[in-house]
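Here is a short tour for anyone who likes to look at a model domain by domain. Please have the viewer open and follow along as the headings come up.

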Amino acid sequence: MQNKTEPVLSKTDSILSARGLWFSYNDEKPALSDINLDIPKGKKIVFLGPNGSGKSTLFLHLNGVNKPDKGEVYFEGETVRYDAKSLASLRSQVSLVFQNPDDQIFSATVEEDVAFGPMNSGVPHDEIERRVDEALGLVGLSEMRERPTQQLSFGQRKRVALAGALAMKPKVLVMDEPTAGLDPQMVHELLELADELNQSGTTVIISTHDVETAYEWADDILALHMGKLVFSGSPEKFFEQEDHLLHQMGLTPPLVLSLNRSLHQLAGTPLQPYPRSLAEATHKAFPLKGRKMGRLILRCVDEDVNISSPAPHERSGIYGTAARRLAQAGKLDVHYLFHALESGLMEAAGGQDFILYTDSSLLKLAEEKAKRLEKNAGVSVQIVHETH
Ligand code: ADP
Ligand code: MG
């Protein structure tokens, strides 16, 4: 029989676990009740729950800021300990980005703030410089290095807080409501960056009450409701088979799934496979018959590459940090500056060739999403690889 205090998954499968975790802020109702969970290594995880369900409280347990009243947290199969040395080691591997950047940013300038974490954990000076450069580049704030943190907008402060976490080069990046309060472009850029980090091996965990983000982005969903973990599994399973639970939590299904259900009822299209994106839902409902399929041309870019912009009639977009930097530097003029992979798949499935300037780290994910479009909507877009 499974011993309740031991993680279920083996050390290699699960990077963070909790067993029988209870936590109260005061003598009232517990904020977390008997949480048992396993977070698989290398995945993209969403903790979904309405306000007050315990997401932030739980996240503060993942890097040892909160200590359980009862129960255990495990990192890579080892019980988390709360002495200063163990906590420093944990926090250099599990980086938490707070919901509110003002809870995280203390330094006078951007670069000082980003350097704070690595400096505290004894990273050598020139390595800190490199990390600050890289982290600011990833969040698109290289130009703001010397800016006083007081003079930044909310979105910029959120990015500084994220850069601070990235500068730790963590194995696990935990972001509490990272998309809250951001405009649509910033939301997509953030999720794309999270994809990029995930593709290079980082386990990424975010919290949100936004069902659209959760459904589009997550590999796995863990749902919290009134301090209890009420679901753990695939997004399709959660949103399609747990609608009673979803309603109890005060959430509504993602639009793509509502559309899928309506089309099933009104036009008799099969419910399954469940579409994960608008492109999948649309092309499942209206398959392109007798017309030529477009191609998705993945044009691989790297920083130092001399790249030419597409011709005005060619549909195009950027995907990933390197491509974004080229666009920001005015070296690349494209139609879609964000959410471009989805748009490209939509256009290619509709018969239009689309050029996607893609970071090499994201090529695999682009191919996976094209395969998913084939599986869920029966549309096989031709992928063309171009390198320079
Ligand atoms: P979420 O992040 O999902 O919105 P929280 O973890 O912030 O949820 O809150 C979970 C519960 O704990 C809520 O009932 C909230 O009121 C309570 N809570 C959160 N932070 C504190 C605190 N610092 N002191 C007392 N109660 C708190
Ligand atoms: Mg919260």
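Predicted model: local features only at pLDDT ≥ 70, side-chain atom pairs only at ≥ 80, totals over all residues.

## Two domains

Let us start with the overall layout. The protein chain splits into domain 1, covering 14-249, and domain 2, covering 285-386. Where they touch, domain 1 contributes 12 residues and domain 2 contributes 16 residues.

Together, domain 1 and domain 2 bury about 1300 Å² between them, and carbon and sulfur atoms account for 47% of that area. On the side of domain 1, the residues that lose the most area to domain 2 are Glu192, Glu196 and Gln199, which together make up 44% of what that side buries.

## What holds the interface

Two salt bridges are counted between domain 1 and domain 2. Glu192 pairs with Arg324 in a salt bridge, with 3.5 Å between the closest N and O atoms. Glu192 is also among the residues of domain 1 that lose the most area to domain 2. Six residue pairs are found in polar contact across the interface, both partners being at pLDDT 80 or more.

Which helices supply at least two residues each to the side of domain 1 that touches domain 2? They are α4 (125-138) and α6 (184-199). The most comes from α6, with nine residues. Sorted by class, this side of domain 1 has five charged, four polar and three nonpolar residues.

## Around ligand 1

The next stop is the ligand. Ligand 1 is surrounded by Tyr25, Ala31 and a run of residues given here by name: Pro50, Asn51, Gly52, Ser53, Gly54, Lys55, Ser56 and Thr57.

Some of these residues place polar atoms beside oxygen atoms of the ligand. For Gly54, a backbone N or O atom lies 3.0 Å from an oxygen atom of ligand 1. Ser56 has a polar backbone atom 2.9 Å from an oxygen atom of ligand 1. With Thr57 the contact is made by the side chain, where a polar atom lies 2.5 Å from an oxygen atom of ligand 1.

## Salt bridges in the whole model

Side chains of opposite charge can pair when their charged atoms come close. The structure holds 21 salt bridges. One of them joins the side chains of Glu111 and Arg145, at 2.7 Å from N to O. Glu111 belongs to helix α3 (residues 110-120) and Arg145 to the loop between α4 and α5 (154-166), so this pair ties together parts that are 34 residues apart in sequence.

## Backbone details

Two loops deserve a look before you close the viewer. Where does Pro273 sit? Pro273 is in the loop between α10 (255-267) and α11 (278-285), and the peptide bond leading from Gln272 to Pro273 is cis, with omega near -5 degrees.

The other loop lies between β4 (70-75) and β5 (78-79), and Glu76 is found there. Phi of Glu76 is near 45 degrees, a positive value in a residue other than glycine.

Key. Residues numbered from 1 in each chain as written. Chains lettered and ligands numbered in written order. Heavy atoms only, no water. Domains from an automatic or database assignment. Contact = heavy atoms within 4.5 Å. Buried area = accessible area lost by both parts, 1.4 Å probe. Salt bridge = Lys/Arg side-chain N within 4 Å of Asp/Glu carboxyl O. Polar contact = N/O pair within 3.5 Å; in protein donor to acceptor, adjacent residues only side chain to side chain. Helix = DSSP H or I, 4+ residues; strand = E, 2+ residues; numbered from the N terminus. Nonpolar A, V, L, I, M, F, W, Y, C, P; charged D, E, K, R; others polar. Near = heavy atom within 4 Å.
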